[in-house]
Amino acid sequence: MSVTEYEDEPIRGLPGYLPSDETLVWQGEPDFKVMARRVFHLRTVSIYFAVLIVVHLAVQATGNASLSDVILGSTWMLGLGMLAIGILALLAYAYARTTIYTLTDKRLVLRFGVAMPMMVNIPLNIVSAADMCRYADGSGDIVLSLDQKKRLSYMMLWPNVRSWRVNPTQPALRSIANVEELAESLASVVNSGTKTGREESTTVMSQGSGEHGAALSAS
């Protein structure tokens, strides 16, 4: 997939070059397979349609349905399931490919969006807490709590948010393959940084088209 909106980025995932007093610490993107499984629930949908087909076959087997009726009904449900799975997989791929998370020693930048590309700039001096959710395969999410009056839009940030938390909306770095590496980098930067002026997160339109939880210190 070609993301032409960002071909002129001087630094991938950033709107411009970093200032001389700012250092790039970590940069990554969601893992497509993890996002498909955790955000778009591809496995759950697959199991749902599989159970639906099995139940249909069982009901038909106990009745007087002909073999052609059984095959026709099962084929219809199988086709519907494959269509749903295909759409969810395509969405997961598109979101994973168009999302980049950037951590510097001063801020977090979330660049994302398939149809409406945008960037969210989160100064580290407003991050009051960062919680890690790590799964058995080492992947996971980092959920941020922000100390600011300005409210962020849940719909605009999705899927880069904590699920079902609307007030306040909590930005999140989702489906990171090696989430502990990011957690360590974020904790190190936040703990070693000096919080001076208080800023607020900003959202700008780009030019062109848990199983295990842990808290990261952010004080």
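Is E180 buried, partly exposed or exposed? E180 is partly exposed, with a relative accessible area of 36%, where buried means under 20% relative accessible area, exposed over 50% and partly exposed in between (1.4 Å probe, protein chains only). The model is predicted, so local features need pLDDT of at least 70 and side-chain atom pairs count only at pLDDT 80 or more, while totals for chains, interfaces and linings use all residues. Residues are numbered from 1 along each chain as its sequence is written, and side-chain values use heavy atoms, with hydrogens and water left out.

Five salt bridges are present in the structure, a salt bridge being a side-chain nitrogen of Lys or Arg within 4 Å of a carboxyl oxygen of Asp or Glu. One of them joins E180 to R134, with the closest N and O atoms 3.1 Å apart. R134 lies in strand β5 (residues 127-134) and E180 in helix α5 (residues 179-192), so this pair ties together parts that are 46 residues apart in sequence. Helices (H or I, at least four residues) and strands (E, at least two) are DSSP runs, numbered from the N terminus. R134 is partly exposed, at 23% relative accessibility.

A salt bridge also forms between the side chains of R107 and E22 (2.6 Å, N to O). Because R107 is in strand β3 (residues 107-112) and E22 in the segment before β1, the pair ties together parts 85 residues apart in sequence. R107 counts as buried at 18% relative accessibility, and E22 counts as buried at 8%. In a further salt bridge, the side chains of D141 and R174 meet at 3.2 Å, N to O. This pair links distant parts of the chain, with D141 in strand β6 (residues 140-146) and R174 in strand β8 (residues 169-176), 33 residues apart. Both D141 and R174 are buried.

Helix α2 (residues 42-62) packs with α3 at an angle of about 175°, the axes being 10 Å apart. Axes are lines fitted to C-alpha atoms, for helices over the stretch in contact, and angles run from 0 to 180 degrees between N-to-C directions. The two helices, α2 and α3, are therefore roughly antiparallel to each other, a term for angles over 145 degrees. Contact means heavy atoms within 4.5 Å. Residues of α2 including L42, F49 and Q60 meet residues of α3, among them V70, L80 and A89.

L80 lies in helix α3 (residues 67-97) and is partly exposed, with a relative accessible area of 38%. Together with W76, L83, I87 and L91, L80 forms a nonpolar surface patch of about 510 Å² of accessible area. Patches are made of residues with over 30% relative accessible area and no salt bridge: like charges are joined within 9 Å, nonpolar side chains (Val, Leu, Ile, Met, Phe, Trp, Tyr) within 5 Å. Accessible areas come from the Shrake-Rupley method with a 1.4 Å probe; for residues, only the protein chains shown count as cover.

Backbone geometry was also examined. A cis peptide bond joins W158 and P159, with omega about 10°, and P159 is found in the loop between α4 (154-157) and β7 (161-166). The peptide bond from N167 to P168 is cis, with omega near 0°; P168 lies in the loop between β7 and β8. S175, although not a glycine, has a positive phi of about 55°. S175 is found in strand β8 and counts as buried at 0% relative accessibility.

Definitions and conventions:
Parallel < 35°, antiparallel > 145°, perpendicular 65-115°, else oblique.
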